[in-house]
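Work through the exercises below with the sequence and the coordinates open. Each task is followed by a solution in steps.

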Amino acid sequence: MKVKNILYHTFSGFNEFKDELKRYLDLKNKPAKPSDFKEIDYLSKLYQNHLELIEGTFRNITYPDLQQAVSLLDSAKKIHVYGIGNSGIAAQEFKWKFFWIGVNVESITDPHQAVMDAALAAEDSLIIGISVSGETKEVIDAVKMAKQQGAAVLAITSEKTSKLAQLADLTLMIISKVFVGIPSFR
């Protein structure tokens, strides 16, 4: 039964109409072929992976750390986020999410540009270094340079004893899929 036919069909009441519409939509959205189930399974795994990472990270970050991070963000005149590779993608997402709430953030994913930018950092700058391992040499080099210029440093990493964490004024601990034990999707 097509939507047009539903509209011209006479129903005994609203409940019958609602049930027929639900049946129609369920049939319309049903996977057409068995290969579609694999795609649904993949999306389900991806969703579950993201949920575990977000929930694990949320449990790892303390309220005082969040307050301190907000204070650092609030007091900075210049906020730049450094990240390379996948951490660079996170740096770019950080930028766009903060633009939505009116905070001017710049993301830098090129290692040479990060070091040049860090050389221009000042005491009113906040540099956010993102590295899951906390050992990404390019991010560490840029953070060291910014620290020498007097900038505050916020590290986002999954390793609290990493070089990046040791350089930071504040470290926010994230959960990585490596540490959650989530298998890859291949």
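The model is predicted.

**Exercise 1. State how many helices and strands the protein chain has, and give their order.**

Solution. Step 1: the protein chain contains nine helices and five strands. Step 2: read from the N terminus, the elements follow the pattern α-α-α-α-β-α-β-α-β-α-β-α-β-α. Step 3: of the contacts between residues at least 6 apart in sequence, 66% join residues at least 24 apart.

**Exercise 2. Find what share of the residues is buried, and what share of the accessible surface belongs to carbon and sulfur atoms.**

Solution. Step 1: the protein chain has 186 residues, and 35% of them count as buried. Step 2: its accessible surface is about 12400 Å². Step 3: carbon and sulfur atoms hold 57% of that surface.

**Exercise 3. Sort residues of helix 6 into buried and exposed, and identify the packing partners of the buried ones.**

Solution. Step 1: helix 6 spans residues 111-119, and its buried residues are A114, D117 and A118. Step 2: these three cover an arc of only 100° around the axis, so they sit on the same side of helix 6. Step 3: H112 and M116 are exposed, on the other side of helix 6. Step 4: the partners of the buried residues are strand 1 (78-82), strand 2 (106-108), strand 3 (125-130) and helix 7 (137-148). Step 5: at the N-terminal end, helix 6 is capped by D110, which has a side-chain oxygen 3.1 Å from the backbone nitrogen of H112.

**Exercise 4. Locate the aromatic pairs of the whole structure and classify their geometry.**

Solution. Step 1: the search returns two aromatic pairs. Step 2: F94 and F98 have ring centres 4.5 Å apart and planes at 15°; planes under 30 degrees apart count as stacked, so this pair is stacked. Step 3: both F94 and F98 belong to helix 5 (residues 86-100), where they are four residues apart, about one turn of the helix. Step 4: F94 has 15% relative accessibility and counts as buried; F98, at 19%, counts as buried too. Step 5: the other pair is W96 and F99, with centres 5.4 Å apart and 80° between the planes, which is edge-to-face. Step 6: W96 and F99 also lie in helix 5, three residues apart. Step 7: W96 is partly exposed at 48% relative accessibility, and F99 is partly exposed at 32%. Step 8: spacing along a helix matters here because an α-helix has 3.6 residues a turn, so residues three or four places apart point the same way.

**Exercise 5. Is K77 buried or exposed, and how far is K77 from S125 in sequence and in space?**

Solution. Step 1: K77 is in the loop between helix 4 (63-75) and strand 1. Step 2: its relative accessibility is 71%; the cut-off for exposed is over 50%, so K77 counts as exposed. Step 3: K77 and S125 are 48 residues apart in sequence, with 5.8 Å from C-alpha to C-alpha.

Methods
Residues numbered from 1 in each chain as written. Predicted model: local features only at pLDDT ≥ 70, side-chain atom pairs only at ≥ 80, totals over all residues. Heavy atoms only, no water. Buried < 20%, exposed > 50% of the residue type's maximum accessible area, 1.4 Å probe, protein only. Helix = DSSP H or I, 4+ residues; strand = E, 2+ residues; numbered from the N terminus. Arc of directions from axis to C-beta. Contact = heavy atoms within 4.5 Å. Polar contact = N/O pair within 3.5 Å; in protein donor to acceptor, adjacent residues only side chain to side chain. Areas by Shrake-Rupley, 256 points an atom, 1.4 Å probe, with all protein chains shown as cover. Phe/Tyr/Trp six-rings, centres within 6.5 Å; stacked < 30°, edge-to-face > 60°.
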